[in-house]
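I opened my notebook to get to know this structure.

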Amino acid sequence: EVYFKNLSKQKQKEVMEKNGNNHKLRVCVATCNRADYSKLAPIMFGIKAEPQFFELDVVVLGSHLIDDYGNTYRMIEQDDFDIHTRLHTIVRGEDEAAMVESVGLALVKLPDVLNRLKPDIMIVHGDRFDALALATSAALMNIRILHIEGGEVSGTIDDSIRHAITKLAHYHVCCTRSAEQHLIAMCEDHDRILLAGCPSYDKLLSAKNKDYMSIIRMWLGEDVKTRDYIVALQHPVTTDIKHSIKMFELTLDALISFNKRTLVLFPNVDAGSKEMVRVMRKKGIEHHPNFRAVKHVPFDQFIQLVAHAGCMIGNSSCGVREVGAFGTPVINLGTRQTGRETGENVLHVRDADTQDKILHALQLQFGKQYPCSKIYGDGNAVPRILKFLKSIDLKEPLQKKFCFPPVKDNISQDIDHILETQSALAVDLGGTNLRVAIVSMKGEIVKKYTQLNPKTYEDRLALILKMCVEAASEAVNVNCRILGVGISTGGRVNPREGIVLHSTKLIQEWSSVDLRTPISDALHLPVWVDNDGNCAALAERKFGHGKGIENFVTLITGTGIGGGIIHQHELIHGSSFCAAELGHIVVSLDGPECLCGSQGCIEAYASGIALQREAKKLHDDDLLLVEGMSMKEEEIVSAAHLIQAAKLGNTKAESILRTAGTALGLGVVNILHTVNPSLVILSGVLANHYVNAVKDVINRQALSSVKTVDVVVSNLADPALLGAASLVLDYTTRRIY
């Protein structure tokens, strides 16, 4: 710790020397409304407390200067900050056009102010339309921007504005780990992102010790007790104004029926706020004995009010962010905060379309006390932000850098490219055969090549390369453009690295094999590798019964038993790439030995190898062949002979198949109870023989809540090849990464 502190001091010293020993960082803080000031004020106090490092200029604009919204600029003056400039930028009207005009008016007025101030850096908060005007002006005038609370996710137009400001800003202060990851995903430079926490938490976490009863009585009346009143704060949703007004009306009706003292704050200046105020007046809220309607409460007093309230209701970000610090119950209405991280104190009523829903939520939440949440901060945000500001080197180039992920060079568009069929090379490494196919975007196998799978690693890899080169050359003749190579193989695979970690006993010399590098180097194409069971699931997702299904499981019934799990439209690999080894679900503690070394696995009962084993036992005891069957002397006994014998009435063979079907069915029941899919797809040569047995076991053994699952047989002729192709087609043609 001492080492890092000394390192930090040394870095700050170097930055001061680079910037000039006497140069103070000139910081412009622009605040637009009561909400953003609550986040900016702690930073402003911190900057003001270190005059040896900083010069502070305060610009006030937006709803701060409007009487209907409380003239909240006065609280900035009361905090003893000198306001350098007041800009009247709000065009009244409270509709969409007025918001646009307000942004335009701010853009007209801000250049003159910024020319006079000449700040080194401007601090902008959040996601309001006023903040977008500030960021746009600063960016175009080559002023560095520090954006507070970027990377968060919520509803309405605020999301788009927040991310637009992120793209304009040079430095970012975020509140949560998720927000930090979102910023990185948006290609922002990691070195310019600070995970500090929310600045308002610096004040919140020390606020509860103050005298609060006088504040509660001042705003709600002398007879009010703690935990026996409600704070309501609801804003219009600019992307659905009509619905948000209706929801506000329902909220007020529910609060009137609930009959508790309620402090209602006026909405913000967004489009639709005028109509919401009309609703308040139409219902007589300002004169109702249970209600106190106010335009503004100073932040210090507001946090005391919500800290000791019985409940907070509405759609303000304050409810899902700051109020969690006190454990106060919150009812979040509608979609305005969709995507925000919340503590357990928040009850969401997404579709607040009836008074009864809101009333029921009030009955559930009112008066509860939840554990305090520190999702958005630990009370030390401001020291981190000041340290971050001191580390900014003004001699670094102003031009932003974006950290884009590596991508392949663009292929120029020409008529041949447009007319060619986008396709994949699909490779299937089976225990017996090695197959390569050209597969089109629609799942059509244009051409297929088959060879016996060599026994050694060197011969196998050489044959794969030879067959892929031949197929790639042939693709030109059949007018197919190969986008990449997908490989389906048995065993455990690391798909991120394209490495077969270890394989089944059916494929020899196939452990710790890097397939991606040699094939990609030889063909100059991207290469994807995955387990054959996973590939079968991907084939169903793209071309089969699983298309459009959110959660389903595919079971392959062939030489072995395998499968894949699709959860929320994505394939599950597991922490060590061992997910969906469905053939090794144990269904009996003393069952037959499996190739994996365990006993009683599904594969030991229901795989082609297991059925062949039982068929040999019957044949050795002269119990296999029945009337209508014959075998040549040199013919090898297989699972097909067992199935044929059962169809011809061999009771021993019927019993073996019944046991195998029951074992598979029990495995499926375990899967249903674990991942709860809506669909089970049986694939492979044995699927038709097992489907009815599996359904019977589900009806007998499964919980009633999962018995409705659909069990179907795959209609795909070649799931391994189609799955390998989908590895390529899903990734090389998608537009969102």
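**Ground rules**

I am working with a predicted model, in which local features need pLDDT of at least 70 and side-chain atom pairs count only at pLDDT 80 or more, while totals for chains, interfaces and linings use all residues. I number residues from 1 along each chain as its sequence is written, and side-chain values use heavy atoms, with hydrogens and water left out.

**Entry: the domains**

I looked up how the chain is divided, and I found domain 1 (22-198 + 381-391), domain 2 (207-365), domain 3 (412-544) and domain 4 (546-715). These bounds come from an automatic or database domain assignment.

I then turned to domain 1 and domain 2, whose centres, taken over C-alpha atoms, are separated by 26 Å. Domain 1 brings 33 residues to the contact and domain 2 brings 28 residues; contact here means heavy atoms within 4.5 Å.

How much area is buried between domain 1 and domain 2? I noted about 2,300 Å², with carbon and sulfur atoms giving 49% of that area. Buried area is the accessible area (1.4 Å probe) that two parts lose on being put together, summed over both. On the domain 1 side, Arg34, Glu94 and Thr156 supply 26% of the area buried against domain 2, more than any other three residues.

I also checked polar contacts across this interface, and the rule finds nine residue pairs, both at pLDDT 80 or more. A polar contact is a pair of N or O atoms within 3.5 Å; within protein, one must be able to donate a hydrogen and the other to accept it, and residues adjacent in sequence count only if both atoms are side-chain atoms.

Which elements give two or more residues to the side of domain 1 that touches domain 2? They are α2 (34-48), α4 (96-117), α6 (158-168) and α7 (177-185). The largest share, three residues, comes from α2. My helices (H or I, at least four residues) and strands (E, at least two) are DSSP runs, numbered from the N terminus.

By class, I listed ten nonpolar, ten polar and 13 charged residues on that side of domain 1. Ala, Val, Leu, Ile, Met, Phe, Trp, Tyr, Cys and Pro count as nonpolar, Asp, Glu, Lys and Arg as charged, and the others, Gly among them, as polar.

**Entry: salt bridges**

I searched the whole structure and got 38 salt bridges. A salt bridge is a side-chain nitrogen of Lys or Arg within 4 Å of a carboxyl oxygen of Asp or Glu. Between domain 1 and domain 2 the count is seven.

Glu322 pairs with Lys39 in a salt bridge, with the closest N and O atoms 3.2 Å apart. Arg340 forms a salt bridge with Glu152, and there the closest N and O atoms are 2.3 Å apart. Arg340 lies in the loop between β12 (330-333) and β13 (346-349) and Glu152 in the loop between β5 (144-148) and α6, so this pair ties together parts that are 188 residues apart in sequence.

Are Arg340 and Glu152 buried or exposed? Both are buried, where buried means under 20% relative accessible area, exposed over 50%, and partly exposed in between (1.4 Å probe, protein chains only).

I also looked up Arg541, which forms a salt bridge with Asp730, the closest N and O atoms being 2.8 Å apart. Arg541 is in helix α19 (residues 532-543) and Asp730 in helix α25 (residues 719-732), 189 residues apart. Arg541 and Asp730 are buried.

**Entry: two loop residues**

I found His235 in the loop between β8 (229-233) and α10 (241-258). His235 counts as buried because its relative accessibility is 7%. Its side chain reaches the backbone nitrogen of Asn268 at 3.0 Å.

Asn453 sits in the loop between β16 (445-452) and α17 (457-477). Asn453 is buried, at a relative accessible area of 7%, and its side chain makes a polar contact with the side chain of Arg460 (2.8 Å).

**Entry: helix α22**

Last, I looked at helix α22 (residues 639-647), whose buried residues are Ala639, His641, Leu642, Ile643, Ala645 and Ala646. These buried residues pack against α21 (608-620), α23 (651-675) and α24 (687-701). After α22 comes Gly649, with a positive phi near 100°.
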